[in-house]
Structure formats: C-alpha cells, structure tokens
Amino acid sequence: MESGDAAAQRPVTLDITVEDVKTDAPVSPEPTSLQIPSRDLVLPTEDSIDLGGGEFASPQEVSIATPSESLMEKLNEQMMESVMISDSPLNSEENDVAPIDSFLDGEEEEEKEDDDEEEERENAGEISGDKQELSETGPTITTLQVPVEGHEGGASEEEVEEDTKEQTDSQEDAVAFFSPLVDTQDPQIDLQSEDPATEEASGMSPKHKPLPVCTIFSHGTHPKSLVPDGFQPTLIKSPSFSMGSGGGGDDAVTPTKLTAPLVCQPSPSLSKFFTDNGQTNPATDFFDSFTAPSDFISVSNPNAEIPPGASPAPIAPTPERQLSSTSSSISSAAGPLDSDTPTLITVFGPVPTETTTKTQPPTPQIVPAPTAPPASVPTTLPQPFNQLQAVFSGNDDPFATALSLSEVDRRHDAWQPSEETRKVLISVATQQFSPAFVETSKLTMPGLKFDNLQGDAVKDLMLRFLGEQAAMKRQVLNSNSVEQSFTGLKQLITSKNWRAAVDLTGRLLTAHGQGYGKAGQPTSHTTDSLQLWFVRLALLIKLNLFQNAELEFEPFGNLDHPDLYYEYYPTVYPGRRGSMLPFSMRLLHAELPQYLAKPQEALDRLHTLKTVCLAIVENLEKGLAEDGTMITLTPENRQASLKLWQSRLSRVMYSMANCLLLMKDYVLAVETYSSIIQYEPHQRVQLLSGIGRIFLQIGDVQTAEGYFQDVERACQMKGSQSSHITCMLMNRAFVHLSQNNYGEAHASFTEVLKIDPKNPVANNNAAVCLLYLGHLKESLGQLEGLVQQDPALYLHESVLFNLTTMYELESSRSTQKKQALLEAVACREGDSFNTQCLKLV
Amino acid sequence: MDVTQAKQEHLLALKVMRLTKPTLFTNLPVTCEDRDLPGDLFGQLMREDPSTIKGAETLMLGEMLTLPQNFGNIFLGETFSSYISVHNDSNQVVKDILVKADLQTSSQRLNLSASNSAVAELKPESCIDDVIHHEVKEIGTHILVCAVSYTTQYGEKLYFRKFFKFQVLKPLDVKTKFYNAETDEVFLEAQIQNITTSPMFMEKVSLEPSMMYNVTELNMVSSGDLGESTFGKMSYLQPMDTRQYLYCLKPKPEYAEKAGVIKGVTVIGKLDIVWKTNLGERGRLQTSQLQRMAPGYGDIRLSLEMIPDTVNLEEPFDIICKITNCSERTMDLELEMCNTRSIHWCGVSGRQLGKLSPAAFLSLPLTLLSSVQGLQSISGLRLTDTFLKRTYEYDDIAQVCVVCQYTSNEC
C-alpha cells in the first residue's frame, strides 16, 4: 500500500503476528502496520469518535453469565443451557484465536475494566454453570472476548474522547427532532428554550411582555406603551358574538370589522378592574393578581409565578366561594349568553350573596361580586332569542334558524352521555333544580394553563445566526396583526402561524372568562367557546406541545360532564340536544395520551368512542334516531346521518390503528387498518400499501410483497389512474430498497417522476437512494434544486432534515449552507415551523 | 455519524456517516369536521403536507424516506455500512489523495476500502466518496480507522486520521434443550430471544444437522397444502420476546444401526438464524455446534419397536421389544416377565433368548393384557445375563391407554 510512507511518519509500528486469512473478508495484503502508539493519540491530527453504544451494558451478558442467574436457570429447567452464538456463519468454520493485537492502547481504561469484569463473570458463570455446558467447547466462542485481557495499558485518549463526546452530544440534540412522538420531554423543552429568546427578540424585559389577559394592544412590537387613552372599548368576540349582540342592541360592543391592528378592551367587568390600576401598573401586576390563586405554574410565562405569599387555591374549594366572581367573568364575555337568566343564577349561585369575603387575599379585585351581575345586565339581554342569535350568527330569524339547523345539529351532536350525566341532564330538562344539584366536581371548569407561546423559533435562529437585520426582515403574522376573531384565527392557521393562533385562542377564551388561572372556576360553555378550545388544543398537538395540551385538557375530565351537553342550557339553546363538545375534540382527547407515552390510555378512550359510534350506527340502521329515540327520520336524513357516523367510526379506527402502530403492536395495527377498508373502500389502495410498508418496517419483505400484489390487483380493477401507477411504482421501489437494491429503487422512484415530475416523495426518496449509492454530490444537488425551485413542496421538515444531514456529511462548512436554508424558510414558513430539522443548534 | 472538524490546518475534511436503512416519515394527523371552527383548514393543511398519503391523510405511516438520525446500535451478524466522504474544504487543488478505511476489532484489522489507489487530484469543493460494507463478526469494541494522506499544491505531504469507535452487541440469546425419545429420535427445543431494542423479523431459523442426523422442523402446522407457522401470522419478535423452535432429529439409517453404540457426546448440528429489521436490514448468525450427551443405556438397551396406543381392557395385545447389547462383551440373556397390578404378560417367563454379541440386537414380540382401565405403564421385564449373573430391570418402558370397549353400550 502506498500509504506506507505516510505511515512511516508515525514512530512506532506494531505488527500483527497472525493475520487471519479469510476468503471472504478483505484483509490488507501486506502485514498491516498499526501505528497507534499511545503518544500518537495526542497529536492533533487524530480524532476519535465514540459512536455511542458504549453505554450499552449488554444486559444479555448478565443473563448468561452471572453465576446466580445461571444457577437459577439450572434450578428451573435442568437441561436448559445457554448457547454461545458464534460469529457469522462464514467465520465459524475456520476459527482461530487470533492473538491480541494490542491496537488502541488508548482505549478507555474503565471500559476495559468493565470488559474484563464481564468476561470474568462470564467465565465464572460458565464454569460454575455445569458440566453439561457443552457449547463452551464450541470453537468459535473464545474469539469473542477472551483475548482482550490484560493487554491494555491505560493511555491518554481520554481527552480526545471527551472532545468527541461533546460533539456526539450536540449531534444527538439535532437528531432528537425526529423523535417527538416518543419523547415526552420535548414540548416542555421547546417552550422553555424559546421563551428567553423571545424576550431577546422583542427587546423587552419579561415584566413588560404583553400578556394576553390584559388585552391586545395595537402597537405590535412596542406593547410597552400601555397608554390607556388609545383604548377603544371593544370586546374580544367571535363574529357570532358581535352580530348576535348587535341584533340585541348591545351598544357596548363594536363590530369586529375594525381594521387590524385591532384595539381591544377587556369586557366591562374587567375594564372596571382595569381602571383601578391599569394606568399606573404595567400589565403584569394585573396579570399576577389574576393568576395568583391558580396553583398552576405557567409553563412558558415567567410572569406567571405564584407570588410567595399567595397560597395556591385548591381547585375544589375555590369555585364555590368564587361563584360570583365567576359569574362576573362570564358576564364579561359570555354575558349575552347566560349571565342573567334566573335559572342560571340558581344553578350557579347557591350562595349568590355570599361572596368576596371568603376569597383569597390576592383575588378580591376580581370579585366585585354583588356589583358584577348588575354591571353586565345592560350589555346583555336575557331573552333566549337573543342568545340563540348569538350562537347562530348571521341569521335573521333565530327560530327559523334553529329549525333548519336542527336536523344537522342532531346528526352531528348526537352522543351517548353516561348514565349519571344523563340523569342530570334529564333533571335539568324537567326543571328539577335543587341547590344540591350543582356539584362542581361534575362541571367542566377549564382555563388556560399557560398563556404565551408567542415564539417564533425561526426568527430566534435568524437573530442568532444571521444577525438582527436579517431577523427584522422576517415578517409573519402574529396574534396582534390579525383580526381578533375567528377570521383572524383562520388566517393564522392557514399561514401556518400556529403559535400565534394558539395565542389568539387564548385571548378569545380569556374574553370568554376562561383565561389564565380560571381553571377550576365555574363557567359556562357555548358552542363557540368549546370550538375555540378544540382549535387551541388541536394546534398544541400539531405543534407537538403535548404536555401543554394535556394540562389544558385536564379540566375537561372524561368529556362527559353535564355542562358539555346542550340540554344543560335549556334557556340558551332551547330544544337543542346532544353534545356541545365537537366530536373532533373527543377524538383529540382520545388520541392525546399516545403521544405522552400512554398508548394504553389512548386505546381505552378510542375504544369508548368506537363503542358510541357503533351504537349510533346501529340505532340508525334499526330505523331509530341517533340517540335511539323513535323520531322518524326522512330517508335522506338517515342516509346522511349514517354516512357521517360511519366516517366518524372509520376515523376512530384510523386513530386506533395509528396508536397501535406507535405501540409497535403490528399484528393489531395491520388488522385494524385492514378493517378500515370496509368503511373506506376508496382508500383500499392506500391502506393496503400502508400495510405493506408496515411489513417492510418489520423486515418481512415477503408478506409486504403479498400486500403490494393485492394493491396492484386493486389498481387494475379500478383502471389505470396515474395515482395508482405512482403507488405501484413506489411500492416496488420500497421492496427494492428492502432488498438492499438501491439502484433499482432509485430507478423506480425516477419512474414515478416521469409520470408525476412534481412528486415530492419520489424526488426526495430518489435523492436518498443516490446517497446510499455513493453519489453524495448528485443527491445533494437534486434536493437543493428542489428546495429552490419549489419551496412550497420541499420546505418540509423531512426533506430539510435529509438535506442538512447531507450538508453535514459533505463538508465542514455545513453551517453556512444551513443558514441559507434558514433564510429560505424564513421567507415562507410561519411560526410553527419546526426548526430542529435544520440542525443549526 | 457525525464527525469532528478536522483541525483547520488540513485542507481536506473527512466525514463519516453510518448508513443504516432510511426510515419512513410518520406524520401526526389532526383532523376536524366541516362544521368545526377551522372548517376544512386542517384537512387542507394535511393535504398540502407532502409527507402525507394522498387520499388517506389520516394514515400515519408515510412514504417519505429520511436518512438515519444517529449511529444507532449495531449487532453481531449485521452489516456495517458507512459513507466516507473526503471533501476539499480549501481553495487549492490537492493531489495524490489516498483514503484508507480499516476496521479494528479485538482480534484483527480489516481493510474496508473499495479501492486502494490514490486519487490523482481533488479540486476545491469536490469530494471523494466511498461506501464501505462489512459484515460484523465479532462482539465488542470496533474502531473504524480512516486515514487520509495527500499532497498540497506546494508538495507538502500531509496525513491525518480519525477514529470512530462503536460497540457491537449481541442480538439474540439462544438456549437449547434436548429431549431424548424412547426411539432414537432426539428433539431439540431452541429458545431464541430478541435482546435488541427493535422488533425483529425471523426470516429463517433452521437446524443444520450434522452428518449423522436427518432433521424435521416442527414449527409448522400443516393444514392442507399450506403449512401455517406455529407462531401465527406475524413472524416477528418484539424486543425481549422469546420464541421456541422445535426440531426432531432422527439418526440416519446407517448410523441408526449402530444406535446402541452412539455414546457420549455427539454433535447434533447448529442453528442458522437469519433475521431482518427496519426496511430489510439483514442479520445472520449461526450457533456453535450443538452437542448432546447421548443418554447412557447401560449394558443392555431395551426399546420398543411397536406398541399400540390404545388397547381394549382384558384383551391381549402385542408389542415388539428391541434388545440391544451396548456392552463390549457377548451376553447370554434370559427373559423374565413379572406381572404388575394391571399388566399381565402372556407366555412363559424365564425363557432363554440366546447369545447376543456386542452391538447386536434382537427383536422380541411379546403379548400382554391389562386388567385395569386408563393409562397403564408397562413394567416388569427382567433380563438376566447368565454369564455375569447380572439382572437388568425394565419398568415403565412405555404407556398404553386401556379402554373398555363396551362402555358405550352399557352406559
């Protein structure tokens, strides 16, 4: 080998005494020169990288080796003996105990010691094991470890090791991104890491941060200037609120059509509070006092700490005492809906007069109880009609609306409450109120558990890597720059600014009286407030902030509290029945635990949903209404209803299958996916392909091919759509890939591109194959080109992850290239972009 | 998979990435219905997401391939593949580049480079790529040693190396147990446990018998033409799961003749195991030769060549005994038959069987009947070697089920 001269520079050469000659393994033709004396290792030219795996203390060894264990085994099964696995077949025949080659004197001492210990134990175990230990004589065994003993002098590689460890660490960080589903810690970290950065970005001390509770100021980047003069008295409301109240003659509410940035003012009761200290105090004070009674520490907001003096109020006792305070907060936003109807007062206020005195010290401001209801009276009209209008916005005649919607409502809202809840609902319907009736433990009392996500990780990264100027250029919508309404919310969702959208839902919910720290306080729900909760929680899950979602889901319990049903609000929603909570939210609730490493719980909940869906489908098939009552439905309505509930059923099944897949219970997952085909026959091709891919994932290529053949048959039956041909080609590519035939796989992906040149999956996968074929530059070129030409399709985290990985492999200057990607991302992506895939940090 | 930056004085940078199989991207479906507040927004977002399956967006497992995210674990019998890239970071042309990749194990050093010839020159921003493969055959620490030597523009010869250390772990725990049948068959139970952290598809677990035996795998239940695996539809092992394989070994006829002579330790064969994991990542192992201590039969072995399963109460039935002389000397045998509580032998007890030379055998038809119903043990045979006046007792030779054929009529 020509490297001889280079090697000659290294002082010491250890020669291997016996090079074992193998036919299969490539062995260097000349006596390999080992030039690794320990002092060499400190030379700067040498780097050593521990690729991990060292920490695996090979538990299996223990099971065989430990004497006690093997003794146990002997006791249990006399003849069971452990068999040493020799190395691979090729090696096993001609075995040779090669002399120890004292390569790497520099190996970590400790590790060696461990090894030695293990060996010793193992030897001891085997010897003491018994005379029957036949496998011991197998020629191949000894090669594995024995030779290592004794030859290692401790040497100084540790420095290098340590260096490299850091690197591996940081690399692990970058890598962690792909395990969000498993890693429950992730969301938390997310939040914490982002927050300080946000502060930097906005150049504010935490105290002056805009807080959602204290309204929204128009100044965007300078929320510091809390000038009360600029306020316009505007309620934060959903469109339905404003329109409804407009009809009701509520003058206090200005229409939300104000141009953004919108100025909002807290609702009446809050504004009263606001005038007390609003002018002098920064918002935080207000906020602190607000949050003080909460025993939840905000995950994200540094302002939300509990003041040391304030004792956290336990959830259960507080509500009773703060009833009036709550009713005031209800009246603030949800006032038009429920504040003053006499029934509700009886419902909510077993002790309407007993109020402020008993509340905790920090809260008295919020509890101007006796005055609050009167204060809200002018703004609300207690007629049910008006309330109805508030719910069904934009309709002239509430009655007509109610009638026309009732079919659809019943269809969508049908649900089966538990027996207990059903009784409560019946007693509400029959007006059997009793003070004992309101058990707060049976009510849903949600509140924001954290307030401010307001992060933009992309911008933070830009600040860090590209400088302030570049960062200033990043323009994304935030919760201040859109209309404070459902419209604005949708705008934020579409533009992928989900963090801002979560913030906005927080504000809207705060306006509804379910803001930060309000958890555990009685409140009432409307269709809209629950929809807001749904959007908020769905977005949190989309953002992988599972723990936050779990926190905020908690007050909803098992989603079966009576106040989540329309029957509970006979005056607000007269005649309406069923679940006010959207089905999608139930599904979300059921799915959530699987992302928090509690898949069994998720499965339980999903099965409950499935049971209800099945029962309703059965009712419909028997000619009954959804809830099993004898209402006659028109055939069209029945058909529509069946269709809806079957689609819900299949959606639940999908979730179950996905959950099982996460649990790696492939048998059941495959079974469940297969059973979905009967509900969604048009997804047959996709489902069968998906099952095939599951088998590939397990490694069962043969069975996978069987499924892919089914796919091809199904495709042929349906005629040759291009999408089907694509699907077939993709499947073939995956099979090639699983047979280690990257060349063929690449060819198949390229074939797909001939039919569908813009197919992002095929493009990406073809590039991946190129890398495995050893064409790094080509692969990089292809992916880079795609990202530049069609950022809409290729600024996807998976593609970017591949790209950055290849950058890292390509050169030491990957950071610059990643920064260029960051700029591309900054131009297009919203604040929900997962920056981890850029592997910049 | 990552790499330290070469110290800046070097013009070339060496990067190494282990090429485990890529993974399929999974997305996280969040949906809503048309009547919900976001309307079709969530659906639209999912349809626009390139990683979802079009037409079935709620299917979690997508088709997008992602590169390996970390080094992962490597197990004995798997193939270690790695990308080695040497990139010219400088702005000058570098000459005579030689990249050498060696794998150092505890016992040997292997050269893995595809080619050993030097690359004449490398322009700035270009790279030399190599993908190496190696089937891992040893447990323990492995070190990938990458050495790069090159010549600069100014004729300076430079050299640097990098070490990448990784541990090779054991993927399977195999335990075996032998069962000796009364015939010459041997049953082998092999417990194979997956001690990796990922599910493992067992593609092949077969017993390669030694030359003395023929093997029958007993891991399929044949129903019609298609056999069904005893492990159900899915042939994969979850982490820490154990599975039992059963094999029946029969001595080949030429060895069976000398069955009595098979003594002491015999080699039975070895297990050959092939498994696959994520997207067809393949591994293969063989156990060392499995050995079995042949059961000791003493001087005379008595085995049964024929016996009915079920017999009628109080009705004579026939069995055929095979008597083999396992000793080194010739014997002169005499047969005694003692009745037990349930077993009654027919015929004369104490008859001479004649001389039996070493390793020879004789077949002996006997008739007996049982007076008790149920599962009865056949006992009471005594063989006496008249040369040495030594008696061998044979009890519990076999069992037979005794039924009363009139039961159904009478009851």
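**Aromatic pairs, charges and strands in a predicted model**

Both B:Phe71 and B:Phe166 are buried, where buried means under 20% relative accessible area, exposed over 50% and partly exposed in between, with a 1.4 Å probe and protein chains only. This is a predicted model in which local features need pLDDT of at least 70 and side-chain atom pairs count only at pLDDT 80 or more, while totals for chains, interfaces and linings use all residues. Residues are numbered from 1 along each chain as its sequence is written, chains are lettered from A and ligands numbered from 1 in the order in which they are written, and side-chain values use heavy atoms, with hydrogens and water left out.

Me: How many aromatic pairs does a search of the whole structure find over all chains?
Reply: Rings of Phe, Tyr and Trp (its six-membered ring) pair if their centres lie within 6.5 Å, and planes under 30 degrees apart count as stacked, over 60 as edge-to-face and the rest as tilted. Over all chains, the number of aromatic pairs found is 20.

Me: Why is the pair of A:Phe546 and A:Tyr595 stacked?
Reply: The ring centres of A:Phe546 and A:Tyr595 are 4.8 Å apart. The pair is stacked because the planes of the A:Phe546 and A:Tyr595 rings stand at 20 degrees.

Me: How many residues apart are A:Phe546 and A:Tyr595, which link distant parts of the chain?
Reply: Helices (H or I, at least four residues) and strands (E, at least two) are DSSP runs, numbered from the N terminus. A:Phe546 lies in helix α24 (residues 546-553) of chain A and A:Tyr595 in helix α25 (residues 583-595) of chain A, so that their separation is 49 residues.

Me: At what angle are the planes of the B:Phe71 and B:Phe166 rings?
Reply: The rings of B:Phe71 and B:Phe166 have their centres 5.3 Å apart, and the pair is tilted. Their planes are at 35 degrees.

Me: Which charged end sits over the ring of B:Phe71?
Reply: A charge sits over a ring if NZ of Lys or CZ of Arg is within 6 Å of the ring centre and within 35 degrees of the ring normal. At 5.0 Å from the centre of the B:Phe71 ring, the charged end is that of B:Arg18.

Me: Which residue in β20(B) is the bridge partner of B:Lys204?
Reply: Two strands pair if DSSP finds at least two bridges between them. Eight bridges join β14(B) to strand β20 (residues 265-276) of chain B, and the two run antiparallel. In β20(B), the partner of B:Lys204 is B:Val274.
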